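Visitor: I'm new to this one. Could you take me in for a close look at the ligand and what surrounds it?

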Amino acid sequence: MRQRIGVLSGGGDCPGINAVIHAVVKRAILKYDYEVIGILDGFEGLVEGRFRELRYNDVSGILPLGGTILGTSNRANPFRYPVRQKDEVTFEDRSRDVLRHFTELGLSALITIGGDGTFHIAAELSRLGIPVVGVPKTIDNDLNATDITFGFDSAVHVVTEAIDRLHTTAQSHHRVMVIEVMGRYAGWIALHGGIAGGGDVILIPEIPFDIEGVCEFILERRKRGKRFSIVVVAEGARPRGGDLVVQRIVRESHDQIRLGGVSHIVGRAIEEKTGLETRVVILGHLQRGGSPTAFDRVLATRLGAWAVDLVAQGQFGYFPAVRGQDIVPARIEEAIACLKTVPLDSPLLDIARSMGTYLGA
Ligand code: F6P
């Protein structure tokens with residue numbers, strides 16, 4: 001009988017998930033003659049028993065598509081499964097249903113495409129005896145033990161294009177434009193997008209910012225004849241001694257807080273303290289949508305193919321991690337041990353500073 005493997009995507013969507021699914025299905029069928037079962041809507045499909053077979057022709061044309069053809073969920077943790085009764089949400093352990101469906105489907109392995117939340121669940125399922133292999137995904141690029149995750153390059157591309165577009169209005173109107181980008185605890189998107197787009201101020205979660213310093217810097221630029229400024233701020237940036245700007249709480253989610261709005265605080269303060277006309281743009285989910293860049297398509301394809309190889313080699317509890325130009329197997333536990341934030345001694349911070357960029361402190 002042909003060996004059967006399952007694949008699911010969990011957590012927030014991001015460009016490149018379909019490229020991973022495409023690679024998993026093709027590698028599994030062509031190289032190993034496996035059958036592939038797609039689990040629908042992340043772990044929700046494993047709990048509720050929703051899936052479909054993915055044949056070779058089913059993945060035709062999905063390589064460049066954004067989102068995920070399987071659907072996803074960032075609420076369906078089988079160990080803390082949300083049950084809604086009227087306005088009340090309670091939680092129950094549905095991991096037994098996962099084990100039951102895994103066995104009923106005749107799966108020999110499960111490939112989980114996801115970030116921190118998905119990897120936490122994968123690690124717990126692994127402890128229950130389910131043979132799991134991960135594929136690292138997140139636009140935030142904050143997953144530990146891998147240099148990069150797919151989706152990040154695509155998000156940075158969107159941010160760069162947005163900054164380019166804001167530059168023209170900033171220059172024409174002699175304004176300050178504040179652009180808020182994603183990145184809850186890690187400033188990778190703001191830093192890379194800010195450098196690529198030539199941001200004048202870049203505020204990241206790792207460096208609590210001094211708003212007086214930001215205003216002085218902008219006024220100083222003006223004195224030097226630069227009548228506009230672009231301020232790139234990560235959603236997780238916070239003023240020195242201040243708090244994160246929380247927009248809402250999603251109780252069912254792995255990380256319950258949803259951020260957003262710090263740019264309005266920054267923009268208002270700049271306008272009040274400098275007297276310069278200021279506008280604010282929040283990019284939000286635009287950064288997670290659309291077609292993956294060529295870089296992400298290649299990376300997603302490599303990771304998807306590698307994940308199937310790890311299954312074939314019986315390396316469960318592992319995921320393909322990027323180290324320099326190479327891909328190596330790394331433990332899922334290592335990925336969730338901590339978040340990969342921007343180190344304060346990162347050469348990239350030094351390079352940004354030497355371009356004349358102010359980093360908030
Ligand atoms: O972790 C990825 C991410 O895109 C964060 O950057 C962002 O804060 C969050 O997900 C948004 O989540 P949701 O799609 O639930 O609003």
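Guide: Let's start with a term: a polar contact is a pair of N or O atoms within 3.5 Å (within protein, one must be able to donate a hydrogen and the other to accept it, and residues adjacent in sequence count only if both atoms are side-chain atoms). What you see is a predicted model, where local features need pLDDT of at least 70, side-chain atom pairs count only at pLDDT 80 or more, and totals for chains, interfaces and linings use all residues. Residues are numbered from 1 along each chain as its sequence is written, and side-chain values use heavy atoms, with hydrogens and water left out.

Now for the contacts. In the side chain of N74, an N or O atom is 3.2 Å from an oxygen atom of the ligand. For the side chain of R184 that distance to a ligand oxygen is 3.4 Å, and for the side chain of E235 it's 2.7 Å. On its own the ligand exposes 400 Å², and the protein buries 81% of that (accessible areas by the Shrake-Rupley method with a 1.4 Å probe).

Who else is around? N74, R184 and E235 are joined by D140, M182, G183, R258, H285 and R288 in surrounding the ligand, where being near means having a heavy atom within 4 Å of it. This shell splits into one nonpolar, three polar and five charged residues; Asp, Glu, Lys and Arg count as charged, Ala, Val, Leu, Ile, Met, Phe, Trp, Tyr, Cys and Pro as nonpolar, and the others, Gly among them, as polar.
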